[in-house]
Amino acid sequence: GPLDQWHSDPFTPTIRDGMLYGRGAADMKTGVAAATCALRDFVTAQPNHSGTVAILLTSDEEGPANNGVVKVMDWLAARGVKLDYALIGEPSSNAELGDQIRVGRRGSMHVELTVHGVQGHVAYPEKARNPIHLTGKLLTALAAHTFDLGNAAFPPTSMQIYEIASGAGANNIIPGELKLKLNFRFGTACTAETLLAQIDAIASQLEVPISTTHRIASQPFLTTRTTLVDAVRGAVRDVLNIDACPDTGGGTSDGRFIAPFGAEIVELGPVNATIHKIDECLAVADIERLKMTYQAVLERVYLKL
């Protein structure tokens, strides 16, 4: 965002009134720091623990995610290494540290929708078909449509239109097409195919000619086994004195690359109120508390506490 709107340099960690400010303070540099220190302290205190622990850091989870975890999982599989558990430091907490954990994530699908019109002169609209005019009723219908009702594990599918583009480059030409870009966040109550079919049905009913292309960024996943979930909830109770609520909301995470390999996945991290915002921050006191919680999870899993 605009640097002049920050109250301190976003790339210089700054403490004010008990809060740590900086880009990534909550999402998710604190999760990385807390996990690193928790692992260090755990293996120092318990060199003969009953398993293998490792930390995996990636720099492209927010972008195309062509490298990082997606390639490491293939690398591990090729060597016969199986992950039992993955604890991810995404900022899962809502109002206070530990009040919410992620036990799954919705899938994400990007759709590029083209509305097909007929190009012509603006003075002769009867000889053309304006895709911008056609799109008005389509936008209204898509925004009002309920794609599914969700289920016990996932909320209803959400759709957001995030880009509209049309125009022929001159002010006396009716354009021949308009492009919409949509994003769907969906659970297990539907599939990419059923979502695309609903788009086609809506456009057909409105007599709006369209074509679509799509890209599935991630499939939904859900941790149904309870070993790691119980360990995390127990650690949160012990350290933070709060009951963590399992949840599947939010965006995507690298858990989408780990889930197909059968690992139990839980996400636990800082409060997410300011992530991706101007003056992103978190309470300094939460950093040590998060580290202690991670260490308590390790003890519950590997020392069977």
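Reader: What makes Glu-264 and Arg-225 a salt bridge?
Author: A salt bridge is a side-chain nitrogen of Lys or Arg within 4 Å of a carboxyl oxygen of Asp or Glu. Here the closest N and O atoms are 3.5 Å apart, so the pair qualifies. This is a predicted model, where local features need pLDDT of at least 70 and side-chain atom pairs count only at pLDDT 80 or more, while totals for chains, interfaces and linings use all residues. Residues are numbered from 1 along each chain as its sequence is written, and side-chain values use heavy atoms, leaving out hydrogens and water.

Reader: Why is Glu-264 called buried?
Author: Buried means under 20% relative accessible area, exposed over 50%, partly exposed in between (1.4 Å probe, protein chains only). Glu-264 has 5%, so it is buried.

Reader: What makes Asp-238 exposed?
Author: Its relative accessible area is 55%, so Asp-238 counts as exposed. Asp-238 also meets Arg-300 in a salt bridge, at 2.8 Å from N to O. Asp-238 sits in helix 5 and Arg-300 in helix 7, so the pair ties together parts 62 residues apart in sequence. Helices (H or I, at least four residues) and strands (E, at least two) are DSSP runs, numbered from the N terminus.

Reader: How do you know that Lys-291 and Asp-41 form a salt bridge?
Author: Their closest N and O atoms are 2.6 Å apart. Lys-291 lies in helix 7 and Asp-41 in helix 1, so this pair joins parts that are 250 residues apart in sequence. Lys-291 is buried at 11%, whereas Asp-41 is partly exposed at 22%. Together with Arg-40, Asp-41 and Lys-291 are linked in a network of salt bridges.

Reader: What makes the side chain of Glu-280 a polar contact for Ala-26?
Author: A polar contact is a pair of N or O atoms within 3.5 Å; within protein, one must be able to donate a hydrogen and the other to accept it, and residues adjacent in sequence count only if both atoms are side-chain atoms. The Glu-280 side chain reaches the backbone nitrogen of Ala-26 at 3.1 Å. Glu-280 itself is buried, at 1% relative accessibility.

Reader: Why are strand 1 and strand 15 called edge strands?
Author: Two strands pair if DSSP finds at least two bridges between them. The open sheet has the order 1-2-15, with antiparallel pairing. Strand 1 and strand 15 each pair on one side only. Three bridges join strand 1 to strand 2, so they pair.
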